[in-house]
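Try each task before you read its solution.

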Amino acid sequence: MAESFILGALRRGRSVQQFLEPCGSAERPGVRYVEVRVTKGPFEVYLHAVEDVGSECFLDLSEFPPFDPDDEASEFG
């Protein structure tokens, strides 16, 4: 992701997400991604791990279920 794109989005108050890597296994695939959010103070950075339940019609990572639902930190970033 280009730095100018990131800075422009953050200046407009939008969050930015970047895919990091796959996680899990072939039987239960997952995705790790990072999100930077604008707050009233400094930026907040979240590391997410979600189940890869996507398809051609369902691509929104933020709607995917947490990879480990028992790990509250992963569910909320």
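**Exercise 1.** How many residues lie between β1 and β2 in the hairpin they form?

Solution. This is a predicted model. Start with the two strands. β1 covers residues 16-24 and β2 covers residues 29-37. The hairpin has four residues between them. Now check the direction: the strands run antiparallel. Eight bridges join them. Take P22 as an example: its bridge partner in β2 is V31.

**Exercise 2.** Find which residues make up the largest nonpolar core.

Solution. The core has five residues: V31, Y33, V50, L61 and F64. Next, look around Y33. Beyond its neighbours within four places in sequence, Y33 is in contact with V50 and L61, among others. Its contacts also include Q17, Q18, F19 and L20. Nonpolar side chains tend to be buried together in soluble globular proteins.

**Exercise 3.** Classify F58 and F64: buried, partly exposed or exposed?

Solution. Buried means under 20% relative accessible area, and exposed means over 50%. F64 has 7%, so F64 is buried. F58 has 32%, so F58 is partly exposed.

Now turn to the rings. The model has one aromatic pair. F58 and F64 form this tilted pair, with 5.2 Å centre to centre and 40° between the planes.

**Exercise 4.** Which rings have R28 and R37 over them?

Solution. Take R28 to begin with. R28 lies over the face of F67, 4.1 Å from the ring centre. Then take R37. Its charged end sits over the ring of Y46, at 4.0 Å from the centre. Y46 is also one of the contacts of Y33.

Methods. Residues numbered from 1 in each chain as written. Predicted model: local features only at pLDDT ≥ 70, side-chain atom pairs only at ≥ 80, totals over all residues. Heavy atoms only, no water. Core = buried A, V, L, I, M, F, W, Y, C linked by side-chain atoms within 4.5 Å. Buried < 20%, exposed > 50% of the residue type's maximum accessible area, 1.4 Å probe, protein only. Contact = heavy atoms within 4.5 Å. Phe/Tyr/Trp six-rings, centres within 6.5 Å; stacked < 30°, edge-to-face > 60°. Lys NZ or Arg CZ within 6 Å of the ring centre and 35° of its normal. Pairing = 2+ DSSP bridges.
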